[in-house]
Amino acid sequence: MPDSPADLTLVVPASGRAPVRRVRVLGIDLGTTNSTVTEATIAGGGGRTLHTVEVTQATPEGEYVHVLVPSVVALHRGAAWVGEGAKRLRARSAELGLARNTDLFWDCKNDIGLRRTYHRAPEGFRSASEVGAHVLGFLAAAAAKGVATHGIAPVPDRVVVTVPASFQAAQRADTLAAARAAGLPVGAGDLLDEPLAAFLDHASRNGLASLGEPGETRHLLVFDFGGGTCDTAVFRVTVPRPGEPLRAASLAVSRYHRLGGGDVDAALVHQLLVPRLLAENSLSAHALDFEEKSRAVVPALLGLAEALKTGLCSEIRRLRGLGRWDDADRGLVSKTQPGVHACRLLDGRRLTLTSPSLTARELDWILQPFLDEELLYPKGDEYRVSCSIFAPIEDALDRAGLGAAEVNACLLVGGSSLIPQVVDAVARRFPLARVFHETSPEIVHSTVARGAALHALSLALAGRGVIEPVTGSAISIRTSSGLVGLVAPGTPLPFPTRDGWAECTELSVPETFEDEPLLLRVELCDAAGHAVMNALCLFPPPVRRGEALRLSYRMDENQVLHLRVAVAGRPGHGAYELTRENPLSNVVNPQPKRERLLEIEESLRTGAVQGKKAVEATEEAARLYAELGQREKALSVYRHLLRARGRADASILVRMGLLAGELGDTEREEKYFRECAEADPIWGGALFNLALSKRRRGLWAEALAAVTLAIDREPDPPYLVFRALVNEALGDATSRGADLGRALGAFGPAAALDDFELGWCVTAARMAGSAAALQAAEAEQTSRRQAKPRESGTPDSFGLLPDLAPALATSLSN
């Protein structure tokens, strides 16, 4: 594609001289949703090119050419399909018998660096790294085709692959492994953080003057809202004077895992398209279960949702350009995908959706939770997650110690920055900052790859990147006498050199231990004295106070801090190697329960747990699904558990009833509760829950019948209180009074009740007008609310800090 002009003088002067031969490099943006590759060349005579490669992609309907390559891989008819072809096959996955992570792969970048495997997939496709290798190889091959016709060597001189700034060591290592498996010549220095790549491309197209005058320091916030991730990075950038390098210090990184434009698409699918699909085919709201939705309906509708969203956003940008947007009726501005769109279910049924449309008003409604400036926590179910984009933004600002007024510039990148409402929301949040964003989809989708190509060109010509990463804060080690500096703020990385180590010789053993080991605490702090690392090192006895400790350390270009701690002069007496990734950055994963689920799912997939432990792990997964609001998925897992056990299980059936009730599926709710009551003829809990459901729906007589059956089994006080409530509604004051009297006499001391019983005790006391009982029960509730859980020891409360070396401590005291 004809790229927008770039100022290659940012790159070329670094070499000090023109190359004597043609230099060809590649920059690759391996994205969660889409990927791109940009090629940069400088000929021996000085000719320069920078262009994003238009990739020919095979599809079932024929060839498709575009710079965007969907990060989707499919195995079909003996071939591996990559890009648009695989994406189109995904829409027909149920019809073609394709299953996710078996022969159909997408959003794999979210799994990279994790221990998750795709154990049902064939060899070469069993991990996110292996799938990524196929995408990278496909991009590199497309770039090679373009140069082969001109007699240029297909192997590039340098390749740079971008990664999210929040990627940790394992994720970066997996990305390198994917690139090497694709045959790309890459090393650790050939990974570039995506926000830096985007900034580099912006600077090449718009000049550094857009940030400020030479010598000025600016706070830059890069907001990367892509298809599958939402990254915010805050940098301190110094505008270089002539001859100086461009320096950027990372102050904070905040990434919200699994929050991206794909979540907007998923919201469109489930909040608009699925209800319309059900209505058009005369199906009830609960006609499709989790398996049907996740394996057939969602894959078929995701592409349709994306097309509606991007088409409508394009129309909004067009109206803005014409000055007609402000007065437009949001209900009339719309995008329609004409035709009949079919969806084949797992049982062979064919559902249709005719000419679906999306209005600007509907898109505003869908985007509300994503643009909320107050409710910054994630919400969702088994199909989608919604979280405000301001959650990672506020996290990054807090970590950087900046207010919105201190941000000088915001750079919006990523495909989802093309949503006009997103740009407006960010601009409102930073009224004093210059907000840079592109309205051209071609530039937005290629900006990260272009920045990577510029970086690769600088590495090939000068042996260093255009942007020199520096530390954003000082790093010190805490001793019993205070802080000792290790790395100064603004230190160029890697430090001290790519392979070298710095030494700290000011530390010593704090106490003598003849018979017991020394538990030494290694605490690193930033410039504000906040701990950024805590580790415990156990040295065997004997150790004596004043003995020198040897601390070696280095910080690489990816901001990974490496430490070696040992007692000096005593080899083999215990030595520790410690690592702290991004000690000065904040990486946020707001969903620890989801991470636990990934661990459980992986252990079950790979057979790491068997027998009884596998059943327990499955039950834990179902509980976590329910806690995360993934009710349909939890129900599906419980159904599998019942089928595996081959008998009715009351503990599972009651959970299924509760989940069905939360979904509003009252027919299944009653079915599961009655089945549970039959499975356990002694316990009254299922019938009590059924009575609660009947009352919730205003079916008082049926509620009375159900709770009476529960009381016949177990005359528990809460059941009696509930029956009193029902009798009150039915006007039976005599029965009401009798049940309350029995309940209050059976509850016992308030302190002996659990929280469930205590709540019903409060209700009974209020209904009966018993002031003494009410006072005792409410006092117990207040006491429990005010009680603080006992705090266990944290790593920074254990161990001894190192002393200063005796000579240094003496000089400081003098």
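Here are some questions and answers about helices, loops and backbone details in this predicted model.

User: Before we start, what are the ground rules for numbering and confidence here?
Analyst: Residues are numbered from 1 along each chain as its sequence is written, and side-chain values use heavy atoms, with hydrogens and water left out. This is a predicted model, where totals for chains, interfaces and linings use all residues, side-chain atom pairs count only at pLDDT 80 or more, and local features need pLDDT of at least 70.

User: What does α5 span from its first C-alpha to its last?
Analyst: Helices here are DSSP runs of H or I with at least four residues, strands are runs of E with at least two, and both are numbered from the N terminus. Helix α5 covers residues 194-206, which is 13 residues. The expected span is 1.5 Å times one less than the number of residues. For α5 that expectation is 18 Å, and the model comes close to it, at 18 Å.

User: Which residue just after α5 has a positive phi?
Analyst: Look just past the end of α5, where phi is about 85 degrees. The residue is G207.

User: Is S636 buried or exposed?
Analyst: S636 sits in helix α14, residues 631-645. Leaving aside neighbours within four places in sequence, S636 is in contact with F290 and E291, where contact means heavy atoms within 4.5 Å. Its relative accessibility is 6%, so S636 counts as buried.

User: How is α16 oriented relative to α17?
Analyst: Two packed helices are described by the angle between their axes and the distance between the axes. Axes are lines fitted to C-alpha atoms, for helices over the stretch in contact, and angles run from 0 to 180 degrees between N-to-C directions. The axes of α16 (residues 666-679) and α17 (residues 685-696) come within 8 Å and cross at roughly 155 degrees. Angles under 35 degrees count as roughly parallel, over 145 as roughly antiparallel, 65 to 115 as roughly perpendicular and the rest as oblique, which makes α16 and α17 roughly antiparallel.

User: What classes of residue make up the contact of α16 with α17?
Analyst: On the α16 side the contact includes F673 and R674, and on the α17 side it includes L690 and K694. Ala, Val, Leu, Ile, Met, Phe, Trp, Tyr, Cys and Pro count as nonpolar, Asp, Glu, Lys and Arg as charged, and the others, Gly among them, as polar. The tally is 6 nonpolar, 2 polar and 5 charged residues.

User: How is α20 oriented relative to α21?
Analyst: Helix α20 (residues 733-747) and helix α21 (residues 755-768) pack with axes 10 Å apart, at about 135 degrees. That angle makes α20 and α21 oblique.

User: How many nonpolar residues are in the contact of α20 with α21?
Analyst: α20 brings R736, L740, L744 and F747, while the α21 partners include W760 and M767. Alongside 2 charged residues and no polar ones, the nonpolar count is 9.

User: Which residue does a cis peptide bond join to F495?
Analyst: The bond has omega of about 0 degrees.

User: Is S282 buried or exposed?
Analyst: S282 is in the loop between α6 (261-280) and α7. Its phi is positive, about 55 degrees, although it is not a glycine. With a relative accessible area of 70%, S282 is exposed.

How values were computed. Buried < 20%, exposed > 50% of the residue type's maximum accessible area, 1.4 Å probe, protein only.
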